[in-house]
Amino acid sequence: MSAMFDLTGSSAIVTGASTGLGRGMSLALASAGADVLLVDYVSCADVAAEVQRLGRKGVPFTADLSQMSSIPRVCDAALAAFGKIDILINNAGIIRRAPAIEFTEKDWDDVLAINSKTVFFLSQAAARDMMKRRYGKIINVASLLAFQGGIIVPSYSASKGAVAQVTKALANEWAASGISVNAIAPGYMATNNTKALREDPVRSKAILDRIPAGRWGTPEDLQGAAVFLASHGSDYVNGHVLVVDGGWMAR
Ligand code: NAD
């Protein structure tokens, strides 16, 4: 059975790999056997060294994913390093917090650009290579706010709703070409993304009180889901949004 989840010989792109959930999923893929192109607009040198220590190729690549010009550069770098793209994890994302009544156009556009537009076009670019071998795994990182409205994060909720819908739309088109497109919707995880929430005693308590598991999630909590969706174990799973949330949505 372990062969089903073995990623030896696979090559992956993980965006937003320098820290948090992206770093955790990169290390999970490497632990399962994959080589990883670690994409971020800040340095991924430390994560690359961790991947190397796991015995895999870890290649750091600097790109600002809010810019469309980065998309071909990322795929070219993966093809130059590994010769093929088997796995793409669209993880990079940002959040801006402000009440809807005063929310700015910039905070709308910045969040939609990286959280949604880049997810679609990087998937398109990677799928062009995957289609040649009729095999690929695309994993988009959504959020509980793909299902819920959230509080003072309107562009983030809109962007993650789009991630869930794009995941299903691409799965419909590409499943027949051997490309699985799925998403992970993490719950409330202890990363930079949620620092402001965890530092707010009122919001922090309200969030913790609702999580049946009774704790914030960690990057390690996503690792099993990431390897599953990147492996042959999920070959007949298409267009699914897998919630990993300590039970939040069940409440
Ligand atoms: P994080 O802020 O720690 O990490 C985000 C990563 O994306 C960083 O490495 C950052 O440098 C990178 N990034 C941001 N903008 C970029 C750009 N323009 N170009 C290239 N890289 C860029 O946050 P995280 O919690 O690890 O978030 C990872 C993903 O998980 C995001 O899509 C986020 O929306 C999602 N998510 C997080 C939570 C949570 O509770 N932490 C919950 C649900 C979904």
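Biologist: How much of the chain counts as buried?
Modeller: This is a predicted model. Among the 251 residues of the chain, 50% count as buried.

Biologist: What about the surface, how much area is that?
Modeller: The accessible surface of the chain is about 11000 Å². Carbon and sulfur atoms hold 56% of that area.

Biologist: What does the C-alpha trace span along its principal axes?
Modeller: About 50 × 40 × 35 Å.

Biologist: Back to the inside. Which residues touch the most other members of the largest nonpolar core?
Modeller: That core has 31 residues, and Met25, Leu29, Leu38, Ile89 and Ile184 touch the most other members.

Biologist: Which elements give two or more residues to this core?
Modeller: On the helix side they are H1 (20-31), H2 (45-53) and H8 (223-230). The strands are S1 (11-15), S2 (35-40), S4 (87-90) and S5 (136-141).

Biologist: Which one gives the most?
Modeller: H1, with six residues.

Biologist: You named Leu38. What is Leu38 in contact with?
Modeller: Setting aside neighbours within four places in sequence, Leu38 is in contact with Val14, Ala17, Ser26, Cys44, Val47, Ala48, Val51, Gly58, Val59, Pro60 and Phe61.

Biologist: What does the second core include?
Modeller: The second core is separate and has 27 residues, including Val39, Cys75, Ala78 and Leu122.

Biologist: Let's take Cys75. Where is Cys75 found?
Modeller: Cys75 sits in helix H3, which covers residues 70-82.

Biologist: Why does Cys75 count as buried?
Modeller: Because its relative accessible area is 6%, and the cut-off for buried is under 20%.

Biologist: What does Cys75 touch?
Modeller: Not counting residues up to four places away in sequence, Cys75 touches Ile85, Leu122, Ala125 and Ala126. Leu122 is also named in the second core.

Biologist: Contacts in general, then. What share comes from residues 24 or more positions apart?
Modeller: Counting contacts with a separation of 6 or more, such residues account for 69%.

Biologist: Last topic, charges. How many Å apart are the mean positions of the positive and negative charges?
Modeller: The mean positions are 3 Å apart, for 24 positive and 22 negative charges.

Terms used: Residues are numbered from 1 along each chain as its sequence is written. This is a predicted model: local features need pLDDT of at least 70, side-chain atom pairs count only at pLDDT 80 or more; totals for chains, interfaces and linings use all residues. Side-chain values use heavy atoms; hydrogens and water are left out. A nonpolar core is a set of buried Ala, Val, Leu, Ile, Met, Phe, Trp, Tyr and Cys residues joined through side-chain atoms within 4.5 Å. Buried means under 20% relative accessible area, exposed over 50%, partly exposed in between (1.4 Å probe, protein chains only). Helices (H or I, at least four residues) and strands (E, at least two) are DSSP runs, numbered from the N terminus. Contact means heavy atoms within 4.5 Å. Accessible areas come from the Shrake-Rupley method with a 1.4 Å probe; for residues, only the protein chains shown count as cover. Lys and Arg count as positive and Asp and Glu as negative; His and the chain ends are not counted. The place of a charge is taken as NZ of Lys, CZ of Arg, CG of Asp or CD of Glu.
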